[in-house]
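Thanks for coming. Please keep the structure open while I talk.

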Amino acid sequence: MTKNVKVILITGASSGIGYDAAGTLARLGHRVYAAARRVEQMEPLKSDGVIPMRMDVTDEAEAEGCVRTILEREGRLDVLINNAGYGYFGAVETVPLDEARRQMEVNVFGLARLCRLVLPAMREQGSGRIVNISSVAGKSVLYFGGWYHVSKYSVEALSDALRMEVRPFGVDVVLIEPGGIRTGWGLIAADHLAESSKGTPYEKEGLREAETLRKAYSIRLLSKPSIVTRAIVRAVGARRPRTRYRIGFGSDTLVFFHSLLPDRWWDALMRQAGKLHF
Ligand SMILES: NC(=O)c1ccc[n+]([C@@H]2O[C@H](COP(=O)([O-])OP(=O)(O)OC[C@H]3O[C@@H](n4cnc5c(N)ncnc54)[C@H](OP(=O)(O)O)[C@@H]3O)[C@@H](O)[C@H]2O)c1
């Protein structure tokens, strides 16, 4: 295997960003192991050379088994792309705490679990790269996005901490911060928002916001997953990658206005955004 061919594990590869990135990375010649729960969804990726694996990132034994299999077959693991994630939108008061915990289990502890599993091998190799798919949701808070933002702010903090710690072992940590990307993510977040709002004092606003989210994620204005893939390819291949790649619809604008506006102005803007008609 040449030096430029990397052994890669990417999670959440059964749809959206992960699916697109897995196929592209394999077509570029890398050895790509693609993990998700809906393993059948990844069948078409096999024609690009991708190797699908069943993994729920919340399942320690399954995650450990996948990493062990890759190391046994390849003798190394160069890149981990932590992409698996979803949004449980809803008012802080009404989202059941079990759902909030599950959100953190997938988006944060799942990611941390995979980091812990690959680091011993990367340390032994004296090299490795961890690419964490965060979001502009780790930089600013949208209306009814509470627990999702908690999870993505956590991914930002965890990645910044990890980057300092593993640098002496030759391992680098990169954050990808997409804006709005046209995937199934928006519909899942909207369904959760509607579900957790019904029959509560937040019902009217929650259902309206859920409808806005659904419409926003069905318009062509949002960026394609390939925009994120491009940043992932750079993060994987660059000799000295940036610590953060912010890309996709509205990402820079959102972060810029968030840094500029007083908190209450931001709050008002976000609440008004829910009334937008797409
Ligand atoms: N779309 C956006 O606007 C946007 C913006 C910024 C950041 N992001 C982030 O980008 C990442 C990918 O999202 P996407 O937009 O591509 O959405 P998506 O199409 O819904 O893909 C989400 C992926 O995560 C996987 N996943 C969910 N729960 C999992 C679990 N417990 N174990 C393993 N895999 C799990 C899903 O696979 P299975 O269900 O088959 O397991 C699926 O492959 C997420 O971290 C998301 O937060 C998205």
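The count of cavities of 30 Å³ or more comes to 1. Keep in mind that what you see is a predicted model. The space in the largest cavity is about 50 Å³. Which residues line the largest cavity? They are Thr11, Val57, Asn82, Asn83, Ala84, Val106, Asn107, Leu111, Ile133 and Lys152. Helix α3 gives the most to this lining, with 3 residues. Sorted by class, the lining of the largest cavity has 5 nonpolar, 4 polar and 1 charged residues.

Now the second largest pocket. Its volume is about 590 Å³. The pocket is lined by 25 residues, and the closest to its centre are Lys6, Ser127, Arg129, Ala238 and Arg239. Two elements, β5 (128–133) and α7 (225–237), each supply at least two residues of the lining. Which of them gives the largest share of the lining of the second largest pocket? That is α7, with 3 residues. By class, there are 9 nonpolar, 7 polar and 9 charged residues in the lining of this pocket.

Next, the ligand. There are 31 residues around the ligand, and those that come nearest are Ser14, Arg37, Tyr148, Thr183 and Tyr217. Let me go through some polar atoms. Arg37 has a polar side-chain atom 2.8 Å from an oxygen atom of the ligand. For Lys152, a polar side-chain atom lies 3.0 Å from a ligand oxygen atom. With Gly85 the backbone takes part: one of its polar backbone atoms is 3.4 Å from an oxygen atom of the ligand.

How much of the ligand's accessible area does the protein cover? On its own the ligand has 870 Å² of accessible area, and the protein covers 96% of that. The elements that give two or more residues to the shell around the ligand are α1 (16–27), α3 (97–125), α4 (146–166) and α5 (185–197). Among them, α3 also came up as the element that gives the most to the lining of the largest cavity. By class, the shell has 14 nonpolar, 12 polar and 5 charged residues.

Last, the aromatic rings. How many aromatic pairs does a search of the whole structure find? The search finds 7. I will show one of them, Tyr148 with Trp185. The ring centres of Tyr148 and Trp185 are 5.0 Å apart and the planes are at 55°, so the pair is tilted. Tyr148 lies in helix α4 and Trp185 in helix α5, so the pair ties together parts that are 37 residues apart in sequence. Tyr148 is also one of the residues that come nearest to the ligand, and both α4 and α5 give residues to the ligand's shell.

Notes. Residues numbered from 1 in each chain as written. Predicted model: local features only at pLDDT ≥ 70, side-chain atom pairs only at ≥ 80, totals over all residues. Heavy atoms only, no water. Near = heavy atom within 4 Å. Polar contact = N/O pair within 3.5 Å; in protein donor to acceptor, adjacent residues only side chain to side chain. Areas by Shrake-Rupley, 256 points an atom, 1.4 Å probe, with all protein chains shown as cover. Helix = DSSP H or I, 4+ residues; strand = E, 2+ residues; numbered from the N terminus. Nonpolar A, V, L, I, M, F, W, Y, C, P; charged D, E, K, R; others polar. 1 Å grid on protein atoms, 1.4 Å probe; cavity = no way out; pocket = protein on both sides within 12 Å on 5 of 7 lines; lining within 4 Å. Points joined across faces, edges and corners; volume = space filled by probe spheres on them. Phe/Tyr/Trp six-rings, centres within 6.5 Å; stacked < 30°, edge-to-face > 60°.
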